Amino acid sequence: MGFSLYEAVVPSNVQILRAVDGLLDKAQAFCTAQGIAEAELIETRLAPDMLPFGYQVKSCAVHSAGGIAGVRAGRFSPDRSPWPTDFAGLHDVLQTAIASLEAIDRAAFDALADTDTAFAFGETTLPFTGANFLLSFSQPNFYFHATTAYAILRARGVELGKRDFMGLPRIKR
């Protein structure tokens with residue numbers, strides 16, 4: 001059995017999205033224990049020139065399910081819409097992305113590998129194949145935003161470990 005585009009993208013996206021969803025639970029518990037408003041933590045930035053936690057979480061969905069939707073449409077542009085300002089809204093964004101990924105047909109997804117896909121941002125348009133967009137643009141962005149969300153919570157003092165970031169590995173059964 002060959003290794004498919006589906007296997008290279010979808011299961012790992014689901015694994016990390018579930019882990020980020022778990023980070024939200026720990027963040028919410030931290031807010032409750034510390035008497036911090038949800039919005040305060042959701043607006044926390046790792047550095048002044050970086051976007052906040054809420055954006056990082058939303059971007060995990062954008063660069064997983066949203067990236068795949070972009071390949072299907074032949075065009076991906078960054079999602080500039082506001083992110084949810086409460087944990088319930090962020091959970092919903094992640095759960096919607098997970099459901100979208102879990103509904104993907106493997107064969108139809110693998111057929112996207114050679115699809116012409118343009119990344120468009122302002123006046124800039126970059127041409128990709130579907131596989132190259134997902135593997136060299138969307139996936140690195142996905143992991144960047146998941147890692148940044150984790151780092152923001154760690155910097156604020158939320159007790160997290162590596163297993164919280166990784167989620168449940170897909171072990172042989």
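Start by selecting residues 5-34 and 87-102: these are helix 1 and helix 5, which pack at an angle of about 165° with their axes 10 Å apart. (Helices, H or I of at least four residues, and strands, E of at least two, are DSSP runs numbered from the N terminus; axes are lines fitted to C-alpha atoms, for helices over the stretch in contact, and angles run from 0 to 180 degrees between N-to-C directions.) That angle makes helix 1 roughly antiparallel to helix 5, a label for angles over 145 degrees.

A quick note before moving on: this is a predicted model, where local features need pLDDT of at least 70 and side-chain atom pairs count only at pLDDT 80 or more, while totals for chains, interfaces and linings use all residues. Numbering starts from 1 along each chain as its sequence is written, and side-chain values use heavy atoms, leaving out hydrogens and water.

On helix 1, pick residues including Val10, Leu17 and Cys31; on helix 5, residues including Phe87, Leu94 and Ile98.

Next stop, the sheet. Which order do its 3 strands take? They run 1-2-3 in an open sheet with mixed pairing (two strands pair if DSSP finds at least two bridges between them). Select 116-121 for strand 2, which pairs with strand 3 in the antiparallel sense over 6 bridges. Click threonine 117 and find its bridge partner in strand 3, phenylalanine 128.

Finally, select residues 130-156: helix 7 packs on the sheet, touching strand 1, strand 2 and strand 3.

Terms used: Angles under 35 degrees count as roughly parallel, over 145 as roughly antiparallel, 65 to 115 as roughly perpendicular and the rest as oblique. Contact means heavy atoms within 4.5 Å.
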